[in-house]
Amino acid sequence: MLFGAVSGAFEGIGTVIPVEASMVGNRHMYPYFLHLTICILALILSSLGISGYLRYGHATQQIIIANLIEENDSIFLTIIYTLICISVMLTYPLQLFPVIEVIENALFLPGKIFGPKTLVVESVNGEGGIQEASETDSLIKDKSKVGLAVAVPKSVSAWKRNLIRLLLICAEVGIAILFKDQYAYFGSIFGTIGASVLGYFLPPLIHIKLKRHQVWWGITALNVFLLTVFGVIGGSTSLGLGIKTIVDRMINNQ
C-alpha cells in the first residue's frame with residue numbers, strides 16, 4: 001500500500017509534457033523548475049507523513065486531519081478542511097487537462113468515432129496565428145518547413161466536447177461517493193495504475209528504446225531495474241493488495 005500511496009503523491013507527473021508545451025518564453029528553464037518542484041514536494045510530503053506516524057502510530061487515520069479532530073474539534077481544523085477543498089478545486093482542472101486532451105483526441109480527431117472524415121492540420125503561421133488546412137492543401141506538402149500539430153478541428157461542436165467533460169466529471173464524482181470510506185486504499189490503487197506507469201514504466205522503456213545504443217550500459221541496466229522492480233513487480237503487487245484490502249473492508253462493513 002505504501003508503494004501506491006507514495007507513487008500517487010506524484011500524480012502530477014502526467015502534466016509535465018502539457019505544461020512544458022504551453023510554455024513560450026522560458027521553456028529552457030523548465031527542467032530546473034521541475035526538479036525543484038519535485039524536491040520540495042518530496043520534502044513536504046515525507047516530513048508530514050513521518051510526523052503523523054511518530055505522533056499517532058498505528059492509530060493514524062487515512063486522512064491525518066481526522067486524528068486532529070478527535071483531539072480538538074476547533075474552528076482552526078474547519079479552516080484547514082476548507083483550505084483543502086479550495087486546493088482541490090484549484091488543482092483539479094490541471095490534473096484533468098491531459099485526461100480530457102487524450103479522450104477528445106480519441107473521439108474527435110479526423111477519422112475517429114465522432115470526428116470529421118477529412119484530415120485537419122493546424123499550422124502556426126509567421127504571425128503567431130493558426131491556420132487550418134485540408135488533406136489536399138499545399139500547406140502540408142512540405143512538412144519540414146512548417147510546424148504541424150493535429151488538433152481537434154473547429155468543426156466539432158463545442159457542446160459535444162463539453163458533454164464529454166461533464167460526463168467525465170460526473171463519473172469521478174460517483175466513484176468518489178461510492179468509495180468515500182476507502183480513500184487511502186483507492187488512492188493507492190490509482191497511484192499504482194497511473195503514477196507507476198507514467199513514472200516507473202514508460203520513461204525507462206522510452207529511454208531504452210531511443211538511447212540504448214548511445215549511453216553507458218550501466219544506464220540501460222538501471223532503466224531495466226526501474227522498469228522491472230518498480231514498474232512491474234511493485235506496481236502489480238501494490239495493485240493486488242489494494243484491491244484485496246478494499247474488497248475485504250467492504251465485505252466486513254456489510
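**Notebook: salt bridges, a surface patch and confidence**

For my notes, a salt bridge is a side-chain nitrogen of Lys or Arg within 4 Å of a carboxyl oxygen of Asp or Glu. This is a predicted model, where local features need pLDDT of at least 70 and side-chain atom pairs count only at pLDDT 80 or more, while totals for chains, interfaces and linings use all residues. Residues are numbered from 1 along each chain as its sequence is written, and side-chain values use heavy atoms, with hydrogens and water left out.

K244 and D248 both sit in helix 8 (residues 217-253), four residues apart, about one turn of the helix. Helices here are DSSP runs of H or I with at least four residues, strands are E runs of at least two, and both are numbered from the N terminus.

Next I looked up how open the two ends are. K244 is exposed, at 52% relative accessible area, and D248 is partly exposed, at 31%. The cut-offs: buried is under 20% relative accessible area, exposed is over 50%, and partly exposed lies in between (1.4 Å probe, protein chains only).

How many salt bridges does the rule give? The count comes to three.

I then went to E104. R161 forms a salt bridge with E104, their closest N and O atoms being 2.8 Å apart. R161 lies in helix 6 and E104 in helix 5 (residues 75-108), so this pair ties together parts 57 residues apart in sequence. E104 also meets R165 in a salt bridge, 2.9 Å from N to O. That pair links distant parts of the chain too, with E104 in helix 5 and R165 in helix 6, 61 residues apart. I noted E104, R161 and R165 as a linked network of salt bridges.

Is E104 buried or exposed? E104 is buried, with a relative accessible area of 4%. R161 is partly exposed at 23%, and R165 is partly exposed at 29%.

Last, I checked confidence. The chain averages a pLDDT of 75, and 80% of the residues score at least 70; pLDDT is the predictor's confidence in each residue, from 0 to 100. Confidence is highest in helix 6 (residues 158-178), at a mean of 87, and lowest in strand 2 (residues 130-133), at 46. Over residues 122-148 the pLDDT is below 50, and beyond near neighbours in sequence this stretch has 38 contacts in the model, a contact being heavy atoms within 4.5 Å.
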